[in-house]
Amino acid sequence: MDRNTRTGVRNTVRRWFALFLMAGLFGTVAAAGASSSTARAADGAVDVYGGCMVNNKAGDLLIMIDESESLKENDPRNERVSAAKYLLERLTGFASRTKVDLQVSVAGFSHNYSEAQPWTKLDNAGRDRTNATIDSFAGDRGHGFETDYWVGLEGARKALAAHNPKGDRCQALVWITDGELDVDFRDSGEERDKYGENKPYVDGRIDNEDKARKAEVEAERQICRDGGLADQLRSSKITLFGVGLRGTGQPDYTLLKSIALGGDAGGKHCGKVTKPPGNFTEAANIDDLLFEFDKFDDPSKQRKTTESGVCQGQPCPESRHTFVLDDSIQSVHVLGNAQADQLEAYLVTPGEKEVKLEKKQVGQSSETTSGGTTINWTWQSERTVVADLTGGAGAEGWSGPWSVVFVDPTASSPDAKSRTAISISGDVYPAWPAAKETTLRSGDVHDLQLGLVNADGETVDPAKLLGQAGMNVSFEGADGQTTEIAKGLGREQITQPQKLDLTNVQPGPGNLVLTLSITTADAKTAKGAVVKGTKLEPQTVRVPVNVEAPAGFPTVAGQVNFGSHEGPAEGAQAELAVTGPGCVWLEAGGSPEIIAGPEKLGDITFASTHDSAENCLVVEEGQTASLPLTLTTTEVDNGTLNAQIKVKVAPKDQPDKAQDAPVTATADFSKPLNKLNFALALIVALILGPGIPIGLLYLMKYLTAKIPGRPLLAQEFGVEIQAGQVLRDGKPFELQPRDLTTMVPLDNGGSRTARAGSTTLNAKMGGSPFGTGHVVVDAPGRIGASSEHTRPFGKTHAAKLPLNVHNHWVLLHNPAGPAEQATVLLLVGGDAPATTRERLVDDLSSRAPEVLEGMRHQVGAVAGQQAAGGADPFGGGAPGPDNGPQPFDFGPDLPNGGQPFAGPQMQSSAPQMQSSAPQMQQSAPHWQPSAAPHDDEAGQSTHLAPAPGQQGMFQPGSYEPGQQGQAPQGQQPQGQRPQAPQPPPPGPAQGGPGNTGPANPFDFGDTPRH
């Protein structure tokens, strides 16, 4: 297929495409009319994801949207606006009802992966923010060059992994595209500059059609090989929802479907991992989409869908969609559609009152009451209406038979069909209340006390349900086998103990699957006729469990995370939690089972200092300890490694009874920049002439890498983060009238550095000549993250901000101090209205608890790991007595200490400007890094290295850090290793303060210069 044909395919989608941009939130089930097998697969994906969220109370949804040229197609009737509000409202309502911390991120993909919205809690404010973000894809974001599935999925993998470091969040990827996998060649200098010359998965330039086709083949292979990118996502427990938009071009979505479903289910083989189940949807019109998306009104429940006719001229009883309510039901959600023009819709109450759902304007909400019932409705299109009913126990006219009926007032569509999807919510969920307190052991028979709870976790008495209830219980083992425990438990039996026989079940992770079916109580019509209660669709909750070794054996955690690595893992460290009594070790020389991972990691070795029965880690009864583990790879490639290692566990002093305890080990890898190749390419470019514009790009970027000179207010606040709340002086964080009165001194033309409280804001150019610079927050002794970048940045784990730091927050933390204490730095524009400050505080309050947890995990998980030698290409080596690292320090591979632009006598005499900004009082404790800091301008989570033979970064002890985290002179802090030797003072070629030669024009290093 040539480029023009492929571009034509991308431009075939009609005006409803914009609607589908937001539809990724809910487009997770098969389109109407799909075969039963497809529908079952879809229900499985929604069921698993929704059931996980109901149990774990935490979920992530990443919406990844194709940014190809077809996005420039407009929606002239703006139907996307009303549909987006409806769809987001459904999922927001689900999160609110079930008390789930549901967070949403939005990204685009084409020739690259581009985050459009960071992780945002889906409450009312988050819904509105996500709506606005999704709207942007219908306008100014439709500029993509190609449709590179690999780039999109790899970006999504990294984003999801970064947001779930502990592996306890339920995650899903909704991936929306209107085209096939498409890699285009770059046949002009402008295209190469704008879109890059090559791809991470192929070598060399993509500068002709043949190379582009070969790149597509390799991208598909890397995604679908066993252990490839699709397997890496699924083995990380990420549910995949692929959404293909069907236009007149009829793209072939076999690959997309295969990626989403896994295995051989989609028509092509795509990986060996098939759980969690995925889903693929291909859709053609807005009304079909609305019905499919409605199933995410509560993803833990299936929808009750009915079909009927359309009344001609006036409402008629034979075409009603009837459902029965009783006092145990709190709310009802109805989505209805009919294939007729000039459509009317009515709700018929138990008293036979007809409530007309007037159609005012598409997307406009209306509300009325009938007795004690509130009815709110919106027409989402000319043929589709959604209505929500709220009432509950004791509400007048609530209990009894209700109906929805559609009418064609012109009586011109006798064969038209109507359909409804009805969700009846009673705030009742199946549960195993003692799950967190119960230890399941292989070889034992356990009594399970099950029950029902509401969204707040409060017990619901099954006997008080007015209708009928039934529960099925089963167990899914680590081997994928399902064992039925009970079936058809009635209301009186639900709370009776059930036997879980683990006699022949091997240790490992599993799921207790609880499925609840409810039928509302029978009712009578106004004329006395009995109407059978409505049988609601089953609701499933999956309770994750871990089957431990038999009694007397130690218990080990089921998962261990070795963190992120740019380059090979060279003894990367992690700790596996162990609870006694017993003995645990990892056999030397064992072979891990690689479930999925990068193709070129070379030899993969997991090891421990406790590697035999003779030197096992002994843990006493009731005690906890950590088994130290290391991961080493001889090579590196992009991707997530998911492997299973088998740790040996045995009763104390009985190593001959050892058993295997499977543990999932994970690590994230990315290829580092080839420093020598980059330096040589840049030198050649500068010599041969085209380097002139490159040099100009660097110069322009340097000149613009400044903090804007607009008025800026800053203030630091000591806070505690407890139980998911940000507390200031023991109360939820809020601003006081006297807050934010200190102005940050900034030059009118912008500043490269500025003091804000105890921190320094340093503008950085970055190593690439393209894009914009950024700001790094220098806070000695503390790690940091920000509202814009929620992970610590670089090897000093600093907070990173955009150049426009105004109206952002920064969270700083001393990892050696109390886990709940932090410092908040607010940076607010001097002209910002009160509403901006309120939004900033709301955002801080909702996101900071998780950000702090992620910061601590990221740093602690890799404490003490050995860093690869050599300096960073854009941040330089560890700063010694000189003024900071050089931006083009490419390590020892090049002459002149790795500086490609330094001649034998190149020197720097650039003076260091001292800030005269007033200092605010600093109350946050300091953390002293164990080795000299080293900024990582690539933004990778690489870490400080201990000196040879020394211990990890953070060690417990009784030493109380003094000023700047240093022990009294002449004393070594207890429990901490000696500081690494400092490098000698820089010589003339290093640009130290004593140099008197001309300044290096390419010195845009970590220490900014005015």
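**Reading this structure, one feature at a time**

Q: Are D843 and R847 buried or exposed?
A: Both D843 and R847 are buried. Before we go on, please keep in mind that the model is predicted. Buried here stands for a relative accessible area under 20%.

Q: What do D843 and R847 form with each other?
A: Here is the general idea: side chains of opposite charge can pair when their charged atoms come close. In this structure, D843 and R847 make a salt bridge, and their closest N and O atoms are 2.9 Å apart. Both residues belong to helix α14 (residues 834-860), where they are 4 residues apart, about one turn of the helix. Elsewhere, salt bridges with shared partners link D60, D101, R169 and E850 into one network.

Q: How many salt bridges does the count come to?
A: The count comes to 32 salt bridges. Let's visit another one of them, between E154 and R157, with 2.6 Å between the closest N and O atoms. Helix α6 holds both partners, 3 residues apart, about one turn of the helix. E154 counts as buried because its relative accessible area is 6%, and R157 counts as buried because its value is 2%.

Q: Which residue does E209 meet in a salt bridge?
A: The partner of E209 is R213, at 2.2 Å from N to O. You will find the two in helix α8, 4 residues apart, about one turn of the helix. E209 has 26% relative accessibility, so E209 counts as partly exposed.

Q: At what angle do helices α6 and α8 pack?
A: To read a helix pair, look at the angle and at the distance between the axes. Helix α6 (residues 149-162) and helix α8 (residues 209-224) pack at about 35°, and their axes are 9 Å apart. On the α6 side, Y149, W150 and L153 make the contact, and on the α8 side A219, Q222 and I223 do. Sorted by class, this contact has 5 nonpolar residues, 1 polar residue and no charged ones.

Q: Which residues form a nonpolar patch on the surface?
A: That patch is formed by L696, L699, M700 and L703, which together have about 370 Å² of accessible area. L696 is classed as partly exposed because its relative accessibility is 48%.

Q: Where are cis peptide bonds found, and what is omega there?
A: The angle to read is omega. P276 sits in the loop between α10 (254-261) and β6 (279-283). Another cis bond runs from G580 to P581, with omega near 15°. In that case P581 is in the loop between β32 (570-579) and β33 (582-585).

Q: What is phi at L740 and at N807?
A: L740 has a phi near 55°, which is positive in a residue other than glycine. N807, which is not a glycine, has a positive phi of about 65°. Look for L740 in the loop between β42 (731-732) and β43 (753-756), and for N807 in the loop between β47 (799-802) and β48 (808-813).

Q: Are L740 and N807 buried or partly exposed?
A: L740 is buried because its relative accessible area is 4%. N807 has a relative accessible area of 28%, so N807 is partly exposed.

Note on methods
Residues are numbered from 1 along each chain as its sequence is written. This is a predicted model: local features need pLDDT of at least 70, side-chain atom pairs count only at pLDDT 80 or more; totals for chains, interfaces and linings use all residues. Side-chain values use heavy atoms; hydrogens and water are left out. Axes are lines fitted to C-alpha atoms, for helices over the stretch in contact, and angles run from 0 to 180 degrees between N-to-C directions. Contact means heavy atoms within 4.5 Å. Ala, Val, Leu, Ile, Met, Phe, Trp, Tyr, Cys and Pro count as nonpolar, Asp, Glu, Lys and Arg as charged, and the others, Gly among them, as polar. Patches are made of residues with over 30% relative accessible area and no salt bridge: like charges are joined within 9 Å, nonpolar side chains (Val, Leu, Ile, Met, Phe, Trp, Tyr) within 5 Å. Accessible areas come from the Shrake-Rupley method with a 1.4 Å probe; for residues, only the protein chains shown count as cover. A salt bridge is a side-chain nitrogen of Lys or Arg within 4 Å of a carboxyl oxygen of Asp or Glu. Buried means under 20% relative accessible area, exposed over 50%, partly exposed in between (1.4 Å probe, protein chains only).
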